[in-house]
Amino acid sequence: MTDLQAWLPRAVGAISAWEKEYGVFAAHPSVAVSDDALGAAFDRLVERLRDNYPFGHPRYVGQMLKPPHPAAVLGYTTAMLINPNAHALDGGPATAALEKEVVARMAGMFGFSDHLGHLTSSGTIANLEALWVARESHPGKAIAYSADAHYTHSRMCQVLGIDGISVRSDAAGRMDLEHLDEVLATGRIGTVVATLGTTGLGALDPLPQIVDRARAAGVRVHVDTAYGGFFALVADDSTDGVASAPYRAIVEADSVVVDPHKHGLQPYGCGAVLFRDPTVGRFYVHDSPYTYFSSDELHLGEISLECSRAGAAAAALWLTFEVIPLTDDGLGQVLRANRRGALEWARLLGESSVLTSHQAPELDIVTYFPTRESLSQIDTASSALFHAAAAGDPAEQIHLATYSVTAEAMAARGHPALADTTHARILRSTVMKPESEAYVPSIHARLEHLAGKQR
Ligand SMILES: *Cc1c(COP(=O)(O)O)cnc(C)c1O
């Protein structure tokens with residue numbers, strides 16, 4: 001692995017050499033701190049940071065979390081030493097140019113020939129912008145999203161004063177097309193949100209069919225692929241790839257959101273929104289008395305709802321894409337390893353007598369539960385297994401996540417457990433790190449052992 005202990009001093013050296021070209025000066029006493037004071041505070045910080053989960057370890061297979069790639073850390077740190085602001089070209093032309101390049105590469109990944117887009121602080125803000133453009137282009141119309149869509153869509157509809165309509169999910173956690181037809185027939189909908197890679201199950205909404213229906217109804221389509229977007233690189237129906245049809249249809253959508261801080265190896269603070277029609281830029285038109293002086297060229301703040309944003313995020317993503325490009329041979333190999341890990345885990349669950357697979361993974365998210373007779377027992381046993389797996393010697397701990405499912409969702413998948421409660425927690429594992437693939441058999445064996453002991 002790239003050795004950051006060697007690389008980070010190079011970042012500091014390179015930027016201070018550039019700064020020295022402008023002349024050397026002394027820092028003001030008000031910001032001077034002694035090495036002793038900083039060292040003591042630093043030690044306290046490191047101690048505080050121990051209260052964490054080992055997100056980078058292959059045995060952490062819980063939430064959608066992992067440390068950034070060393071290239072991203074190096075790119076971020078190097079640019080952060082200058083601290084450019086992506087809002088305007090006055091805030092740093094270099095990172096604005098890098099941002100336009102990485103955004104164009106992501107647009108190319110989705111097959112967009114033309115686009116308008118930019119990085120954001122998160123998928124939440126990226127989706128907010130997409131829904132805001134949805135409102136501006138279809139004023140007074142509602143927005144439809146599936147029951148399994150990220151909760152941000154209903155919340156942002158509230159923020160924007162738009163009616164949000166929830167469309168039922170089917171037994172695979174995908175948008176139910178019959179219900180979508182009913183919802184579209186009301187004539188109230190202006191935009192349908194399709195999710196490629198639901199946050200809970202990693203399910204892929206049937207985008208080609210959604211696009212057809214939306215077009216026939218004169219309705220826009222927004223694709224929220226914050227989590228699953230980079231799987232477009234391996235959407236080839238191969239054994240360690242993912243379904244091609246939903247990904248191929250992205251090119252027909254009006255807007256798309258992808259989070260480089262999820263599967264793009266980036267630190268938090270990096271989402272992205274892309275629009276297929278660059279003329280939506282008209283909705284953003286505003287003037288700023290503070291900025292936009294340096295040139296007539298497009299400033300990113302002119303096509304973004306956010307003002308200040310880290311230029312360092314663009315530098316991090318750019319450096320990462322330079323060494324791990326958006327190709328099957330590049331980032332695709334990371335995603336294929338994750339996918340193989342998830343598929344192998346699902347296969348092992350299929351053979352287990354103490355654990356049951358909730359549904360087949362479409363991406364790299366595996367859901368399962370201890371086999372029991374009732375939902376309340378499944379709930380208790382899932383929670384107990386979650387805690388037991390994470391307990392004990394740090395060198396053996398396995399970190400999982402839980403996920404709440406409804407009695408209807410369990411019944412729809414044919415799980416025979418008695419519905420004595422409305423909801424149950426089950427277990428959810430995101431196989432987000434390629435290193436986890438090799439650990440799946442031992443993780444599964446240990447979970448089976450612990451689940452067997454609980455009975
Ligand atoms: C993570 C996620 C979001 C929210 O993005 P943040 O970057 O966490 O703000 C929205 N939609 C989907 C499908 C997601 O997976």
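**Exercise 1. A histidine and its partners**

Find which side chain is joined to that of His-263 by a polar contact of 2.8 Å, then place His-263 in the fold and decide whether it is buried or exposed.

*Solution.* Keep in mind as you work that this is a predicted model.

- Step 1: The partner at 2.8 Å is Asp-364, contacted side chain to side chain.
- Step 2: The His-263 side chain also makes a polar contact with the side chain of Tyr-227, at 3.0 Å.
- Step 3: Looking at the fold, you will find His-263 in helix α10.
- Step 4: The relative accessible area of His-263 is 1%, so this residue is buried; the cut-off for that class is under 20%.

**Exercise 2. A glutamine at a strand**

Work out which strand holds Gln-359 and what its side chain reaches.

- Step 1: Gln-359 belongs to β8, which covers residues 355-359.
- Step 2: With 10% relative accessibility, Gln-359 counts as buried.
- Step 3: At 3.1 Å, the Gln-359 side chain reaches a backbone atom, the oxygen of Ala-172.
- Step 4: The side chain of Gln-359 is also joined to that of Arg-413, by a polar contact of 2.8 Å.

**Exercise 3. Around the ligand**

Describe the shell around the ligand: how many residues surround the ligand, which helix supplies the largest share, and which atoms of the ligand are approached by Gly-123, Thr-124 and Asp-224?

*Solution.* Go from the whole shell to single atoms.

- Step 1: The ligand is surrounded by 14 residues, and the closest include Asp-259, His-261 and Lys-262.
- Step 2: Sorted by class, nine of the shell residues are polar, three are charged and two are nonpolar.
- Step 3: Helices α5 (123-137) and α10 (260-263) each give at least two residues to the shell, and α5 has the largest share with three.
- Step 4: Thr-124 places a polar side-chain atom 2.4 Å from a ligand oxygen, while Gly-123 has a backbone N or O atom 2.8 Å from an oxygen of the ligand.
- Step 5: For Asp-224, a polar side-chain atom lies 2.7 Å from a nitrogen of the ligand.
- Step 6: The ligand taken alone exposes 380 Å², and the protein buries 88% of that.

Technical notes
Residues numbered from 1 in each chain as written. Predicted model: local features only at pLDDT ≥ 70, side-chain atom pairs only at ≥ 80, totals over all residues. Heavy atoms only, no water. Near = heavy atom within 4 Å. Polar contact = N/O pair within 3.5 Å; in protein donor to acceptor, adjacent residues only side chain to side chain. Areas by Shrake-Rupley, 256 points an atom, 1.4 Å probe, with all protein chains shown as cover. Helix = DSSP H or I, 4+ residues; strand = E, 2+ residues; numbered from the N terminus. Nonpolar A, V, L, I, M, F, W, Y, C, P; charged D, E, K, R; others polar. Buried < 20%, exposed > 50% of the residue type's maximum accessible area, 1.4 Å probe, protein only.
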